[in-house]
Amino acid sequence: MIGRMLLQLAVLLLFAPLLPGVINKTKALFAGRKGAPLLQPYFDLGRLWRKGFVFSRTTTWVFLAGPVVGMVVPLLAVLLIPFGGLQAPISFTGDLILLVYLFGLSRFFTAAAALDTGSSFEGMGAAREVTFSCLAEPTLLFALLVLARGADSLVLGAMLGPQLAVQWQGSGGPVLGLVAVCMFVVLLVENSRIPFDDPNTHLELTMIHEVMVLDHSGPAFGMILYGAAMKLMVMGALLVRVALPLQTGSMALDLLVFLAGLLALAVLIGVVESTMARLKLPRVPQVLVGTTLLSFFALVLVLR
Amino acid sequence: MVNLLLITVILINFYTLGSARLVACIRAVALQGGLLALLPLATHGPSGHALLLGVGALTFKGILIPWLLLRAIREVRIRREVEPYIGFVATLALGTLVTAAAFIFADFLPLAAEHLGGMFVPTSLATMFSGFLLLITRRKALTQVLGYLVLENGIFVFAVLLSEAIPLMVETGILLDLLVGVFVMGIVLNHIGREFSTLNTKRLTALKE
């Protein structure tokens, strides 16, 4: 079990920064540019890590807690979920709730760190982030409940188990499709991607997540970037497992399938970002309520 | 296959309830009509009766009526439903609630054994309720026509279930009724548009010299 844990953590730590790289490369190709190299996020992290900390005198320990919690939470969360066909290192009844609220904890600390600076822009960003994620949370919970119902168990490892493949082939296909769509939307919201948030803009009016981390610099900012990449990978792992429940039996092959699925997901995110415009802010809650209702409908379909 | 079709039909209901753009709504309802045309074939196999029913539904629901509506939109020059009586999110929420209620309610109906637990009856009920909601909550007369169409689509789903028992004549009658209804509404729409220079039905309640 210790080996499993170490393997999962190592895969996460090594592989996570590649995903933003792939997304950016896809976007560059769509725009007709050559784009930054695939490994650019690794270089960025290295560069940030060599810099020094700069702290504003008005901030307290909360300001540093934001990035630290943001980086530790995905490391804990990854222990709860199965990577592709592999088993989750830690699993117990009800761990799906822990998974959802671990991310809630990291969001709380990021927002608190933003508020700690006392900047009005960061306060605005924190308000937006919290609003949108509280609208995205029911979607994720309903989607997880649908999976729990399908597996007849409240353990994430079992919910994402081999019965998914059977369900896709049987009558549960449309329901799982709905769940996958809802989870994809949640993934885009939670990782501040277009159409909900633009990770590239540095315009105060449009930023949500970016504005909260404006005051972080050096290693703290590196931790935020690393944490964001790992969060993308952890949430992507859930989606990839639902969408691609292949299981070969051999551990290496399962891991390869899973990583290939993650890369495909990153390309898909890149395509979505290149082809869609950012939604107007008042439209975002409408879309999120819509996906909540979709996932609720999926739950009704499996409950009857 | 059948279940996939029916779920898509329900998703289109949600889309029409939540979208403000009339052209997109009309296209969605046309798509719904086209999907419904596949339904008899998917359920009963390629018999002559099912084929006729599908072709009829496709021409009327999928092509003819949407075309008439799109033409009406061009002539009266409106693009979107501006402010419905109940907001879009609220209508969507209501739509999901009635859909959920339809699924629960259908389980209590004394249906024939082979229809019990299927998706047909709940989908039909949910589609009818969505049509009602569109009729009730929108101001523009054109969206209300769309609501009427969605309502009829719901009835059609039910009819497919019973298509072996219902004579073809009755179904042709329903389709013709629908076409005539949309025709009449098109004429009425034009008149309202000319008289009030808007299709807002709220204006109709005001007295005018």
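Hi everyone, let's start with a helix pair: in chain A, helix H9 (residues 173–190) packs against helix H11 (residues 218–243) at an angle of about 165°, with the axes 10 Å apart. Axes here are lines fitted to C-alpha atoms over the stretch in contact, and angles run from 0 to 180 degrees between N-to-C directions. Helices are DSSP runs of H or I, at least four residues, numbered from the N terminus. Because angles over 145 degrees count as roughly antiparallel, H9(A) is roughly antiparallel to H11(A).

This is a predicted model, where local features need pLDDT of at least 70 and side-chain atom pairs count only at pLDDT 80 or more, while totals for chains, interfaces and linings use all residues. Residues are numbered from 1 along each chain as its sequence is written, with chains lettered from A and ligands numbered from 1 in the order in which they are written.

Now, which residues meet? On the H9(A) side they include A:Leu176, A:Met183 and A:Phe184, and on the H11(A) side A:Met235, A:Leu239 and A:Val242 are among them. Contact means C-beta atoms, placed from the backbone, within 7 Å.

How well covered is H9(A)? Mostly covered, with 14 of its 18 residues buried, that is, having 20 or more other C-beta atoms within 10 Å of their own. Its 18 residues should span 26 Å at 1.5 Å a residue, and the end C-alpha atoms are 25 Å apart, which agrees. That expected span is 1.5 Å times one less than the number of residues. After H9(A) comes A:Ser192, with a positive phi near 45°.

Notes
Helices (H or I, at least four residues) and strands (E, at least two) are DSSP runs, numbered from the N terminus. Angles under 35 degrees count as roughly parallel, over 145 as roughly antiparallel, 65 to 115 as roughly perpendicular and the rest as oblique. Two residues are in contact if their C-beta atoms, placed from the backbone, lie within 7 Å. A residue is buried if 20 or more other C-beta atoms lie within 10 Å of its own, exposed if 12 or fewer, and partly exposed in between; C-beta atoms are placed from the backbone.
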